[in-house]
Amino acid sequence: AGAGAGGVDEDKDAMLCGICYGYSLEGEEGAPAELPDVFCPGCSKPFHVSCLKEWLRGDRESSVSFDRIYGACIYCQGKISVKVS
């Protein structure tokens with residue numbers, strides 16, 4: 001049963017990663033689960049750090065500078081970046 005209008009289930013759905021469509025990723029043994037915590041500045045779509053890193057690494061248009069990888073949002077094509085290490 002869902003939580004209804006404005007409930008917890010809808011809040012969780014709004015926080016699904018824009019790449020894997022999941023809410024939490026299991027961490028390594030003993031590590032906490034990873035939640036989407038990077039948001040596109042253009043469209044506010046949430047992403048897991050690990051999903052966004054993997055996506056941007058595979059994008060020929062992305063670039064790395066120092067400790068960040070820069071590219072375009074999958075949804076709005078706005079600029080987005082994530083820390084590499």
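Strand 3 and strand 4 (residues 68-72) run antiparallel and pair over three bridges; two strands count as paired if DSSP finds at least two bridges between them. Strands here are DSSP runs of E with at least two residues, helices are runs of H or I with at least four, and both are numbered from the N terminus. Keep in mind that this is a predicted model, where local features need pLDDT of at least 70, side-chain atom pairs count only at pLDDT 80 or more, and totals for chains, interfaces and linings use all residues. Residues are numbered from 1 along each chain as its sequence is written, and side-chain values use heavy atoms, leaving out hydrogens and water.

- Three strands form an open sheet in the order 3-4-5, with antiparallel pairing.
- Strand 3 (63-65) and strand 5 (79-83) sit at the edges, each pairing on one side only.
- On average, neighbouring strands of this sheet are turned by 30 degrees against each other, direction ignored.
- Look at Val64 and you'll find its bridge partner in strand 4, Ile69.

- Cys51, Leu52, Lys53 and Leu56 are the buried residues of helix 2, where buried means under 20% relative accessible area (1.4 Å probe, protein chains only).
- Their cover includes strand 1 (38-39), strand 2 (46-47), strand 4 and strand 5.

**Ser62 in its loop**

- Ser62 belongs to the loop between helix 2 and strand 3.
- With a relative accessible area of 17%, Ser62 is buried.
- Its side chain reaches the backbone oxygen of Leu56 at 2.5 Å, and a polar atom of that side chain lies 2.8 Å from the backbone oxygen of Asp59.
- Not counting residues up to four places away in sequence, Ser62 touches Leu56, Ile69, Tyr70 and Gly71.

**The nonpolar core**

- The largest nonpolar core has nine residues: Val38, Cys40, Phe47, Leu52, Leu56, Ile69, Cys73, Ile80 and Val82.
- Such a core is a set of buried Ala, Val, Leu, Ile, Met, Phe, Trp, Tyr and Cys residues joined through side-chain atoms within 4.5 Å.
- Helix 2 and strand 5 are the elements that give two or more residues to this core.

Terms used. Axes are lines fitted to C-alpha atoms, for helices over the stretch in contact, and angles run from 0 to 180 degrees between N-to-C directions. Buried means under 20% relative accessible area, exposed over 50%, partly exposed in between (1.4 Å probe, protein chains only). A polar contact is a pair of N or O atoms within 3.5 Å; within protein, one must be able to donate a hydrogen and the other to accept it, and residues adjacent in sequence count only if both atoms are side-chain atoms. Contact means heavy atoms within 4.5 Å.
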